[in-house]
Amino acid sequence: MSVDDLVRDHARLMNVHTVLQHAAVASLACTGPRTIGPDRKPTRLEMRVEKPTALPVVEPAIDGPSQCLVNKLNKQTSPVDIDSCIIPDVNAINASIVKRELDQECKRSVRLQLKEIKERQQGAIRERLAVQQKAEQQQGLSNSRAKREENNKLLQQQAEQLARAELEAQQREQRALLIQNNQKLHMLTIEGVSRCHRRFCSKYESVTKLLLALDKETVQACTALNSELRELGQLFDQLVEKIKNGNSEPPELSCVFTAEQYCQRLDRLEDNLHKQLSEQEQQQLTKAKELAEEKEKQRQLEAEEQQRQQQEQKQQQLEAELKATADAAAAASAAAKAAQDVPAAEAPIAPTASTAPSNISNSYVHPTRLAFYNEIIAFYQGKVDAVKPLQTDDTWKKYRTNCQRTINLPLNAITATSAQHLTNNFDKLYNFFAGQPVRTTDGSTITINDHPLARDYCILLMAKKFVSQTDTAISSNPQAAFPFASVIVTFWKLLPDFGRIFLAYMYKESPYLVPYVIPQQADQTPQQYLKTMGYRLSENNELENPDMFLKRQTGIARLYAAVIITPGRKADGPAHCFGLDEAWRWLTHIMHVKPLPDICATMIMEMLQTLGFELWHAYGVNFLKLLVYIQTIYMPQLSAYDEGGPKTRLEMLLSKFLRERQIPQAVGVLPPGFW
C-alpha cells in the first residue's frame, strides 16, 4: 500500500459528513433529557403516537462494532411507552464512545501503516548499505591485500632484525657467562691448590721436624723416605710455580687433583715413617731393656760385693772397737787407782742419735730437694710466728676481717674473661699491698700500713687463699688454673716473699710436689702419718675419702704446673720466676722416689698433660728419652706397688704420646701478652 492510498483511506474515515450522519442518527434515538448543561427538573413527557417522519436512509460507512451499535440504537428508537421517570442520554454516551473508538482505531491503523513504511524504508536502506558495503569490500579487498603484503614484508624485516639482535645479545651473554665461569673455575682451582698447599706445608714441616729430631742412625735408616719427601716437595713447588706463571692460560682443574695426590702421598709417607720409627723404637726399647737388665744384674752383683765388703769392714771395726774398749778400760782403772783424791774433770759428751745430722735415704727425697723444702718451710714458719701478735689480738679482729674481705672479693673474681677484667682484679689486690686506702663494706677505710705486721699477715692470707682455689675452682674446672697462675706469677715478681710462702702452702698440702715421700715415724699412728702426707681429717676425726684426696691433689698439681708455664704481666719483670726447669727437675727426681699407689701415677699424668707440650718443645729428644725411661723402667717399678686405675691411665697416656710423637697443649693456656 502506498502513501497515497493511506491518505485516501484516512480522509474517507475522517469524513465529516459521515460523522455528522452518525450523530444525527444518535440524536434521533435519544428521547431523554440532555445531559450537558445545568440540571433541570425532570419533565414528564407525554407519549405521542405520531407517524414517524420519513427520513432518507443513510447507510453509514462503518462496519463491525459500530454497525451493531447503530442497529441497536435504531431498534431502540421505535415508539414505546416511556416511563415518567428520568432517562439518561445514552445515545450521547454511545456517540462519544463510538467517536473515541474510531479515533483510536484510526490512530492504530496509522501507526501500523507508519511502522510498515518505516520497516520497508529500513529494509531498503539495509539493502543499499549491503550493496554499498559489498562494493566497498570488493574494492578494499584488493587494497588490503597489497597493504597486507607490504605489512608482512615490513614485519618480516623487523622480525629478522629482532632475531639478529637477540642472537647477538645471546652470544654476548654466553661469552660473558663463559668468561665468568672460567674466572670462577680459575679461582676455585687456585683456592683448592692453596688449601692443599697449606695442608702439605704443615704436614711437610711436621715430618721435617720429626726427621731433624732423630739421631743419625735413625735418619740413615729412613733415607728412602727422606728422598721421597724431598721429591714431593719439589713436585709441589713446581706445581705452584706453574700456577703462578700460567698467565696466558688458566690452570686446569686437574691441578687440584694433582695437589691432593701429593698430599695423600705425603700422608702415606708420614704413616710409613711412623711405622718405621715405631719398629726402630721397639728395637731400641728391646735393646735398652736388655741393657737395663744387664746393668741391673751388674748393679746387683756390685751391691752384693759392696755389702760383703761393708760387712767385713764392720766386722773389723767391731773387733777394733772391742780391743780399744778393753785397752781404755784397763787404762781407766789404772788411772783411777793413781788419782783417787784428784777431782774428776768433766768428760766430753759423745754424740747421740739426736745430735747427729739426719740422713734420709734418696728413696724418700733427694738431698737438694730436701734442703730446698726445709728452707721454704722454715721461712714460712718464721712468718707465721712473726704475725701471731696480730693474729691473736682481739682488738684488731675487725681489722683482720676487713683485710680478709679486701683480699677475698677480687681474688674470687679472677677469671680469663678478658684482659681488662683480669687487670682490674689484680689492681684491686696490688693497690692494697701498695698502701693505698681501701673502703670496706662497713664504710670504713683501711690500709696495709695500719699495723706493722699487716703486710706479712696479708701475704700469708693471700697465699693460703690461692692454694684453697685448687680445692674449689680448679679441681672441677682445669682451665681456671691459668688466670690464677698468671696473677700468682705477677705477685711473685713484685713480692718475692709471696712466692716462697705460696710454695710452702703448696708443699704442706702436697709434699709430692717436692717430691718428698715423708717416712712414717715409729710413734705415729696411721691417721697422723696420712695427715702429714696431705690427707685431711674431719671434725669427727674421720679420714678423707681416697677419691676426694686424689681429686684435690690433681687440682694442686694443675695449679703448680700452670704457675711454671704461665707468664705474668709483661710490665712487671721477667716472664718466669719459677721456670720450666722446675718441672724437669720434678720429673727426674720422682723417678728415684719410692712409688706410692695411685698418687704417684696421678701426679705424673697431671704434670705431663699440663706441661708436656712445653717440655717437648724445650728439651726435644731428651724429653722423649725421659718418656721412654718412664715407660720402660719406672712403670714396671710402679706396677709392683700399684695396679689401680691411675696407673692404667698413665700407661695409656704414655703410649699415646710415644705413638703420635706429639703432646697437645693444655686447654686454657693464656697466650703471651694476654694482659
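Predicted model: local features only at pLDDT ≥ 70, side-chain atom pairs only at ≥ 80, totals over all residues.
**Ground rules.** I number residues from 1 along each chain as its sequence is written, and I keep in mind that local features need pLDDT of at least 70, that side-chain atom pairs count only at pLDDT 80 or more, and that totals for chains, interfaces and linings use all residues. Side-chain values use heavy atoms, with hydrogens and water left out.

**Entry: H12 and H13.** I looked up how helix H12 (residues 454–474) sits on helix H13 (residues 481–494), and found an angle of about 170° with the axes 11 Å apart. This makes H12 roughly antiparallel to H13, the label for angles over 145 degrees, whereas under 35 is roughly parallel, 65 to 115 roughly perpendicular and the rest oblique. Axes here are lines fitted to C-alpha atoms, for helices over the stretch in contact, and angles run from 0 to 180 degrees between N-to-C directions; helices are DSSP runs of H or I with at least four residues, numbered from the N terminus. On the H12 side I noted Met462, Phe466, Gln469 and Ile474, which meet Ala481, Phe484, Val487, Ile488 and Phe491 of H13. Sorted by class, this contact has eight nonpolar residues, one polar and no charged, with Ala, Val, Leu, Ile, Met, Phe, Trp, Tyr, Cys and Pro counted as nonpolar, Asp, Glu, Lys and Arg as charged, and the others, Gly among them, as polar.

**Entry: the cores.** Which residues touch the most other members of the largest nonpolar core? In that core of 111 residues, they are Phe433, Phe466, Phe502 and Leu608. A nonpolar core is a set of buried Ala, Val, Leu, Ile, Met, Phe, Trp, Tyr and Cys residues joined through side-chain atoms within 4.5 Å, and buried means under 20% relative accessible area, exposed over 50% and partly exposed in between, with a 1.4 Å probe and protein chains only. Another core lies apart from it, with 24 residues, including Ala259, Tyr262, Leu266 and Leu273. Leaving aside neighbours within four places in sequence, I listed Ala463, Phe466, Val467, Ile488, Trp492, Leu559 and Val563 as the contacts of Phe502, contact meaning heavy atoms within 4.5 Å.

**Entry: H17 and His589.** His589 lies in helix H17 (residues 580–590) and counts as buried at 15% relative accessibility. Beyond four places in sequence, I found His589 in contact with His366, Thr368, Arg369 and Pro515. The buried residues of H17 pack against helix H8 (367–386), helix H16 (546–565), helix H18 (599–619) and helix H19 (621–639).

**Entry: Pro515.** I placed this contact of His589 in the loop between helix H14 (496–509) and helix H15 (526–532), and noted that the peptide bond from Val514 to Pro515 is cis, with omega near 0°.

**Entry: positive phi.** Most residues other than glycine have a negative phi. Asp598, although not a glycine, has a positive phi of about 70°; this residue is in the loop between H17 and H18 and is partly exposed, with a relative accessible area of 27%. Arg661 has a positive phi of about 55°, is placed in the segment after helix H20 (645–660), and counts as buried at 15% relative accessibility.

Key
Helix = DSSP H or I, 4+ residues; strand = E, 2+ residues; numbered from the N terminus.
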